[in-house]
Amino acid sequence: MGFQNDLRHGMGYEGANAGAGIGPSPAIWQQFSRDFDTAKVRSYELDFTIQHPTFASATAQNGLITYQDTGVTIGPSTTADDGLLIAANDADNDEGSIGGQTQVPWTVSDTASEARLLAFEASIKKTAVGANGTALFVGLMAAGQVAADALVDNTGAVKNTDYIGFSVLNDAGSSVDAVYKKTGETAQDVEADCATMVADTFMKLGFVYDPAAPASQRISFYVDGTNIGSYVTATNIAAATFPDSVDLTWAFLTKKGEAAVNPANLRWVRIAQYR
């Protein structure tokens, strides 16, 4: 939906989509360009700049699920290119989250039969980036986590579940951390403060798992299409702290750290993996 033509026809690899451009990042998606729209690749795309749904909390809709605290709304932004808007989050610890309703077989695995190229990217922003404004997580995680207290009260840390992606905590509202965790294990920072959010400015956050990459660089992380230079290694994936071979779905979770409105936006999300 929305971006397949960019990849099929070679668009999106230069010009407006490079760096902080509006579309998917060339450095991530060019690896799929030849096969993206074929049976070789399982792909998933949601472009909220051309789709404008409004959601009711905890109600499945087109394969998606949301959680909205009392009064919190999730629906189209009044600015078309801003995509989906999480708004009216005006109470301390108010939550507004969206993600895939059920698990799909997006996996990171070092098992030979399951080791397949995987990529994820999303475009997000929040209105303000001060401390205690809005904590968030965006990435892949176990299904069923788009629910109450997906992020911990006051800190904004992700709850005890399987995930890999990017986190912003309440005590550092502009600081983006690249993170992963296996249920029951200690959360791992691939790189703390790997990027700095700017108020009311979209940022593209993504990662690529490449089982053919050097062992020291199996998962690479990207901010606005630029590799941050810190990696998940083959040794990390084999360790007990990594969600190895766990079926994951996507999620964008937000939680307020103070009683003041701070909207957040999700412009689009894209995932692909070779079958």
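This is a predicted model: local features need pLDDT of at least 70, side-chain atom pairs count only at pLDDT 80 or more; totals for chains, interfaces and linings use all residues.
**Stop one: Trp 29 and Phe 32.** Searching the whole structure turns up seven aromatic pairs. Start by selecting Trp 29 and Phe 32: their ring centres are 6.0 Å apart and their planes meet at 40 degrees, so this pair counts as tilted. Both residues are buried, and Phe 32 has a relative accessible area of 0%.

Now colour by sequence position: Phe 32 is in the loop between helix H2 (26–29) and strand E1 (41–47), while Tyr 274 belongs to strand E16 (residues 264–274), so the pair ties together parts 242 residues apart in sequence.

**Stop three: charges over rings.** Go back to Trp 29 and show Arg 270, whose charged end sits over the Trp 29 ring, 4.9 Å from its centre. Then try Arg 267 with Phe 202: here the charged end sits over the ring, 3.8 Å from the centre.

**Stop four: a cluster and the cores.** Select Phe 120, Phe 166, Phe 207 and Phe 221, which make up one aromatic cluster. Phe 221 also leads you into the largest nonpolar core, which has 48 residues. Along with Leu 140, Ile 219, Trp 250 and Phe 252, Phe 221 is among those with the most contacts inside that core.

Click on Phe 252 next. Leaving aside neighbours within four places in sequence, its contacts include Ile 86, Ile 124, Phe 137 and Leu 266. Finish with Phe 137, part of a second, separate core of 13 residues that also includes Leu 151, Tyr 163 and Leu 253.

Definitions and conventions. Residues are numbered from 1 along each chain as its sequence is written. Side-chain values use heavy atoms; hydrogens and water are left out. Rings of Phe, Tyr and Trp (its six-membered ring) pair if their centres lie within 6.5 Å; planes under 30 degrees apart count as stacked, over 60 as edge-to-face and the rest as tilted. Buried means under 20% relative accessible area, exposed over 50%, partly exposed in between (1.4 Å probe, protein chains only). Helices (H or I, at least four residues) and strands (E, at least two) are DSSP runs, numbered from the N terminus. A charge sits over a ring if NZ of Lys or CZ of Arg is within 6 Å of the ring centre and within 35 degrees of the ring normal. A nonpolar core is a set of buried Ala, Val, Leu, Ile, Met, Phe, Trp, Tyr and Cys residues joined through side-chain atoms within 4.5 Å. Contact means heavy atoms within 4.5 Å.
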